[in-house]
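Thanks, everyone, for making the time this morning.

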Amino acid sequence: MPTAIGPSRPPRSAVVIGAGMVGLATAWSLRNHGIEVTVVERRHPAAGASWGNAGWLSPALTLPLPEPAALRYGLRSLVSPGSPVYIPPRPDPRLARFLLTFTRNCTPRRWRVLAATFATLNRHALDAYDALAADGVAEPTRPAEPCLIAFRTAAERAAMAEELEHARAAGFRIAYERIDGDRARALEPALGDGVGAAVELHGQRYLNPGNFVRALADAVRKRGGEILERTEVSGVRDLGRAGVAVTTSGGQLRADVAVVATGAWLDPLVRPFGVRVPVQAGRGYSFSVPAEGAPTRPTYLAAQKVVCTPLGEGRVRVAGMMELAPADRPVDPRRIQAIIAASRPLLRGIDWEARTDTWVGARPCTPDGLPLIGPTGSPRVYVNGGHGMWGVALGPLSGRLLADAIATGTSPAELAPLHPLR
């Protein structure tokens with residue numbers, strides 16, 4: 001059931017902090033409600049995790065990050081720079097607490113509860129993109145028909161098929177079929193002889209994330225929203241009935257409400273308002289390779305946790321890995337080499353030495369894998385973040401749901417398990 005939130009009078013103005021997919025989608029939806037919007041961004045739109053990610057809109061794979069399989073990696077693999085999931089060794093009590101809570105969520109029972117929440121969101125995720133397109137966001141999404149999930153062996157594939165069936169049982173709508181390596185290579189000639197089994201996954205989409213977020217920023221501006229670039233935010237204050245004051249490097253901004261959508265940098269701004277769920281940077285890596293010889297369709301090397309996405313413009317993005325490390329830590333070249341080493345036996349024809357756009361981005365992860373969307377301890381300060389790897393997949397939907405809640409004072413039922421004060 002919807003629940004009442006926030007002040008009784010609908011707000012007339014809002015400051016949105018963060019110009020990634022999530023923040024801009026929130027700003028766009030607030031403008032749809034006639035609310036004046038100023039977006040504040042420390043760099044420029046699409047500068048963070050919204051730029052270099054894989055760009056998959058894949059409801060079938062938008063699953064809780066805490067899962068029983070995560071416990072099978074073991075400590076030895078987690079501290080290896082070549083592992084798909086890597087934790088650089090360092091004394092960090094905050095990370096230790098995060099991992100302890102994350103581990104408690106990696107049980108089959110908890111996974112089923114979390115997956116049911118994702119299933120509810122995923123049913124509407126692509127519709128939210130269609131609404132953006134219908135209202136003038138120029139950059140398209142593209143059907144991935146099918147996208148391929150490739151494996152070395154049928155035994156490797158069995159683990160993925162089991163996960164997909166568990167997701168179906170939790171309410172996911174998934175259409176897939178198992179195929180052999182020859183069929184996979186017929187669909188995608190870039191796959192090498194090391195691929196012995198695959199899955200065709202239907203009903204998914206993909207996009208060029210940097211281009212899309214920039215197009216969304218343009219749409220916000222065309223609707224009358226203001227975007228302040230290269231502007232740091234150092235604090236938010238609740239002024240009671242007078243609204244909020246947002247302290248920035250360019251001066252103070254006043255509005256009726258504020259929305260914090262700063263990804264992996266959420267904690268310092270929202271902790272004063274009672275948000276205690278920690279957000280940990282789960283850093284992902286990517287680079288681009290020439291399209292010639294690379295996959296022509298979205299392709300996932302599941303055991304290696306490497307994704308290939310055609311971006312257009314003669315480039316294919318290769319993305320992967322999860323690294324729990326400080327958000328601003330520089331690129332670790334060993335992680336790029338780990339992606340190449342893991343992919344080389346399964347992909348033929350890629351010119352790995354011609355790679356460009358080497359990138360690392362901080363994905364905002366919560367210990368239960370669920371985003372933080374809704375009000376804080378202040379009825380005038382809201383959060384939209386903590387999406388983990390799914391900020392692009394779920395950003396437009398979460399922006400719409402939160403904007404509806406802010407504008408109407410009533411929170412949609414979908415947001416109940418995502419409450420920032422949980």
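Let me begin with a term: a charge is said to sit over a ring if NZ of Lys or CZ of Arg is within 6 Å of the ring centre and within 35 degrees of the ring normal. Please keep in mind that this is a predicted model. In that sense, the charged end of Arg42 sits over the ring of Trp265, at 4.2 Å from its centre, and the charged end of Arg317 sits over the ring of Trp51, 4.6 Å from its centre.

Trp51 counts as partly exposed, at 21% relative accessibility, whereas Trp359 is buried, with a relative accessible area of 11%. Trp56 and Tyr300 form an edge-to-face pair, 6.3 Å centre to centre with 75° between the planes, and here Trp56 in strand E4 is linked to Tyr300 in strand E17, 244 residues apart.

Now, which residues lie nearest the centre of the second largest pocket? They are Arg43, Ala47, Trp359, Val360 and Gly361, out of 18 lining residues. Helix H2 and strand E20 each give two or more residues to that lining, and E20 provides the largest share, 4 residues. The pocket has a volume of about 230 Å³, and its lining comprises 10 nonpolar, 3 polar and 5 charged residues.

Terms used. Residues numbered from 1 in each chain as written. Predicted model: local features only at pLDDT ≥ 70, side-chain atom pairs only at ≥ 80, totals over all residues. Heavy atoms only, no water. 1 Å grid on protein atoms, 1.4 Å probe; cavity = no way out; pocket = protein on both sides within 12 Å on 5 of 7 lines; lining within 4 Å. Points joined across faces, edges and corners; volume = space filled by probe spheres on them. Nonpolar A, V, L, I, M, F, W, Y, C, P; charged D, E, K, R; others polar. Buried < 20%, exposed > 50% of the residue type's maximum accessible area, 1.4 Å probe, protein only. Phe/Tyr/Trp six-rings, centres within 6.5 Å; stacked < 30°, edge-to-face > 60°.
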